[in-house]
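Subject: Structure for you to look at

Dear colleague,

Here is the structure I promised to pass on, with my notes below it. Please open it alongside the text as you read.

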Amino acid sequence: EEIRVAGQGQLCDGAVFPLALSFEAVANDRARCLQHLRESKQRILDELLPKHGAILFRGMGLANAQDFSDFLDVFDFQYGNYLGGGGPRNVVLNAIHTSTETPPHRIIPFHHELAYLTKHPSKLLFFCEIATQKDGQTPLLSSNKLVTRIRSELPSFYAQVKAKKVRYTRVITDRARCENELQRSWQDAFDTTDRQVAELRARDVGHEFVRWLDDGAMQVVSEPLDAIRLDSRNGQEEWFNSIVLLHPAANEKPASGGGVLPWQVTFGDSSEMDDRDILAVKKIMDEEGVMLLWQVGDVLLVDNFLALHARNSFEPPRRILAAIVDN
């Protein structure tokens with residue numbers, strides 16, 4: 001049953017964003033809930049998700065990682081392993097991991113998951129095991145709505161991004177020095193302690209240059225990547241990149257590492273971006289994003305091409321689990 005929940009917004013065509021579906025009528029019978037979901041999954045994936053960009057499932061009576069795993073089994077997805085991804089997170093059960101171990105006081109800006117790599121997931125699933133008493137939302141943003149405003153309000157920046165593409169530079173700390181405040185170590189990111197294997201895996205996910213620093217850190221520079229893509233399903237443009245996520249102008253400085261962020265973003269020709277453009281895009285993101293309060297047992301299914309997500313700061317406890325679906 002479709003329901004309305006506080007915080008929903010609208011897409012450019014007027015469709016509700018995100019769609020919210022309630023299973024509370026059968027919540028006391030989890031097997032029946034999952035069977036109902038199984039019978040509806042093709043419509044969910046083929047019709048509802050492409051139309052709305054994200055779907056909130058509420059009232060299914062899910063309580064823990066095993067329940068979330070049972071939910072995932074309904075869809076028969078191929079799940080990814082986050083290889084090359086920077087954000088600190090812990091494996092919980094099979095393909096399920098914590099959404100992030102980034103400290104609760106930090107805000108994670110809007111982004112498409114792993115858009116700074118050439119291999120990125122098609123869908124994301126989040127599950128609320130423990131809901132915080134204050135804040136801690138996972139805001140959502142329509143990628144097409146965002147790029148429409150950028151194209152209108154920042155035409156020069158839009159044109160440069162589209163023509164020049166973007167490069168991402170990351171300095172990934174050695175495990176011995178890694179504090180996991182902003183990102184995990186290169187050993188964890190590439191699932192190896194062998195530098196040669198790490199280099200091969202880094203290049204396999206779109207890094208053109210790899211360099212080892214004196215302190216054991218791994219510096220990786222991506223090949224020029226498209227930052228605006230055309231969705232083949234609807235012909236609409238999407239702001240598919242990690243510019244605001246990784247550009248220093250949009251991020252607070254960390255307490256560790258001498259207050260220096262380990263990331264940089266440039267145009268594909270390595271020329272610098274204007275901080276004012278980055279901040280203007282971030283302002284649009286903040287204006288257009290929608291925020292739903294988590295309830296225990298909620299599952300959020302996000303199309304990683306149609307929607308960006310973020311994370312607000314919060315007061316613990318809070319536990320959101322996640323799984324990523326291979327593209």
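Before the strands are described, one term is needed: two strands are taken to pair if DSSP finds at least two bridges between them. Please also keep in mind that this is a predicted model.

With that term in hand, strand 11 (residues 166–172) and strand 13 (residues 218–222) run antiparallel and are joined by four bridges, and within this pairing T169 has V221 of strand 13 as its bridge partner. Both strands belong to an open sheet of four strands, in the order 12-13-11-16, in which the pairing is antiparallel. Strand 12 (207–212) and strand 16 (263–267) are the edges of this sheet, and because each has a single partner strand, one side of each is left without a neighbour in the sheet. From one strand to the next the twist averages 15 degrees. Helix 6 (residues 195–204) lies across strand 12 and strand 13, and runs at about 155 degrees to strand 12.

Strand 4 (residues 19–22) has pairings of its own. Strand 1 (residues 2–3) is joined to strand 4 by two bridges, and these two strands run antiparallel, with E2 having L21 of strand 4 as its bridge partner. Strand 5 (residues 54–58), by contrast, pairs with strand 4 in the parallel sense over four bridges, and here L21 stands opposite F57 of strand 5. In a regular strand the side chains alternate between the two faces of the sheet. In strand 4, L19 and L21 point one way while A20 and S22 point the other way, and all are buried.

Leaving aside residues up to four places away in sequence, W239 touches H112, S143, L146, V147, I150, F157, V161, A227, I228, V281, M285 and L308.

Helix 3 (residues 143–153) packs against helix 8 (residues 275–288) at an angle of about 135 degrees, and their axes are 10 Å apart. Helix 3 and helix 8 are therefore oblique to each other, and helix 3 passes helix 8 in a right-handed crossing. The residues that meet here are K145, L146, R149, I150 and E153 from helix 3, and V281, I284, M285, E287 and E288 from helix 8.

In the other pair, the axes of helix 1 (residues 30–52) and helix 2 (residues 65–73) come within 9 Å and cross at roughly 30 degrees, so helix 1 is roughly parallel to helix 2. Helix 1 passes helix 2 in a right-handed crossing, where R30, L34 and L37 of helix 1 meet D67, D70 and F71 of helix 2.

Finally, a note on S40, which is placed in helix 1. Because its relative accessibility is 23%, S40 counts as partly exposed, the cut-off for buried being under 20%. The C-alpha atoms of S40 and P317 are separated by 33 Å, and the two residues are 277 residues apart along the chain.

Technical notes: Residues numbered from 1 in each chain as written. Predicted model: local features only at pLDDT ≥ 70, side-chain atom pairs only at ≥ 80, totals over all residues. Heavy atoms only, no water. Contact = heavy atoms within 4.5 Å. Axes fitted to C-alpha atoms, helices over the stretch in contact; angles between N-to-C directions. Parallel < 35°, antiparallel > 145°, perpendicular 65-115°, else oblique. Left-handed = near helix turned anticlockwise from the far one by under 90°. Buried < 20%, exposed > 50% of the residue type's maximum accessible area, 1.4 Å probe, protein only.
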